[in-house]
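Biologist: Please take a close look at one part of this model, the aromatic residues and what surrounds them.

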Amino acid sequence: MQRFRRIVAAIALAATATTTVAACGGGESEDDSGAKTLKLWHYESENSAMGVGWNRAIEIFKAEHPGVEVRFERKAFEQIQQNAGMIINSSEGPDIMEYNKGNATAGLLSSQGLLTDLSAEADKRGWAGKLSPSLQTTARYSDKGVMGSGKWFGVPNYGEYVTVYYNKDLFERNGVKVPTTLAEMTAAMDTFVGKGVTPLGMAGAEYPAGQLFYQLALAKADRQFVDNYQLYKNPVDFKADPLKYGADTFAEWVRKGYVAKNSASLKAEDMGTAFIAGKTPMIVSGSWWYGRFKTEMKANWDTFLFPGNTLNAGSSGNIWVVPENSKAKSLAYDFIDITLRPEIQDLIGNNGGVPVAADASKISDPKDRKLIEDFNTVSKQDGLAFYPDWPVPGYYDVLVGGFQGLINGSKSPDQVLDTIAKPYADGVKEITGK
């Protein structure tokens, strides 16, 4: 099993430039351990909804903790994804960090004793009262690192889900209507292909390909499948629907030209910037892009839920974790608390994010409200199905490799399913002993 032992990348991560923002004001404020510094890492872009909200949270933290220095470092998602275990177990690690939720990430680190148990703070500070049970799923982990029950090892302050972004100008120019069923979406993509336009942006070198596969599988899935796949309730057959349907349909979409074969080597940033530039009619991706598109995109655009699906990839957002080696735990808890305040929650909502505790009446932009309303629609129908790479450690890389092969044509759907089935089964066995 992968244990995030990538030495060269870890050294590069530790050497990443640090942006330091010092608190000002009279007097001094100390952690209960005497700490006068809070080292904070996250990977949100500055103009994203979370980036905007957390920048404001840092300002509030500084004002309320005069004499404490905040050392903030913005990391790439891949840096933390690949090296978190090694880095936070060293003297170079942060005191508080945004981290990916799920069994293979936060669950793994919690089971290794690398994360602080936040249960007492969750009770003391009322965090549980601000988060619905479904959102708490990703905050709590068993002794074996399985999400959904046990101790609190992280705290989310926003939600997220996979949706379809579309360029309204390209739709109108090509006479395409917004689809409400998967059949209508297929017909819409046929229209684009017929006019020489690749309808669906993709990034095979990172998470988007696995998420499209999962969205397609979820079109034929129910809650029992999600519980089996994510929580190990029953064995999962990778050669049967819904996973077989997901792989077969993905391959068909590539064959029909809905997805470009050369997108196998593209990263999520490539996919996103192509959409921003108006080159792509649609992308299937997460709500985390919303704030950036709102800021940077000049073309007319909007979103719609993946047509016909009741289940969608989604969950709470990434979580704040406090490494067990943190030297400023009380300061870290204070910062988490600030991010759940109405001021920060409303700020996230008004910048295109999906807050977990905002006043909807204070979300001024109709498009922002729609984003939140769609999330609420999915959440209320118990439609959050988490993410395909969550079940076992190292599975993210397995999925990326598998679906790159499906996009570039080097693997058949059955071969891809074989490729991703064994690591899943091995990982589940290691976690559960079954």
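Modeller: Start with helix H2, where Ala49, Met50, Gly51, Gly53, Trp54, Ala57, Ile58, Ile60 and Phe61 are buried. Buried means under 20% relative accessible area, exposed over 50%, and partly exposed in between, with a 1.4 Å probe and protein chains only. Helices (H or I, at least four residues) and strands (E, at least two) are DSSP runs, numbered from the N terminus. This is a predicted model: local features need pLDDT of at least 70, side-chain atom pairs count only at pLDDT 80 or more, and totals for chains, interfaces and linings use all residues. Residues are numbered from 1 along each chain as its sequence is written, and side-chain values use heavy atoms, without hydrogens and water.

Now the rings. The whole structure holds 27 aromatic pairs. Rings of Phe, Tyr and Trp (its six-membered ring) pair if their centres lie within 6.5 Å; planes under 30 degrees apart are stacked, over 60 edge-to-face, the rest tilted. Tyr161 and Phe375 have ring centres 5.7 Å apart and planes at 45°, so this pair is tilted. Tyr161 lies in strand S8 and Phe375 in helix H17, 214 residues apart. Both Tyr161 and Phe375 are buried. The rings of Phe275 and Phe293 are also tilted, because their centres are 5.1 Å apart and their planes at 50°. Phe275 is in helix H13, Phe293 in helix H14. Both Phe275 and Phe293 are buried.

Phe275 and Phe293 belong to one aromatic cluster, which includes Trp301. Over the ring of Trp301 sits the charged end of Lys367, 4.3 Å from its centre. That term requires NZ of Lys or CZ of Arg within 6 Å of the ring centre and within 35 degrees of the ring normal.
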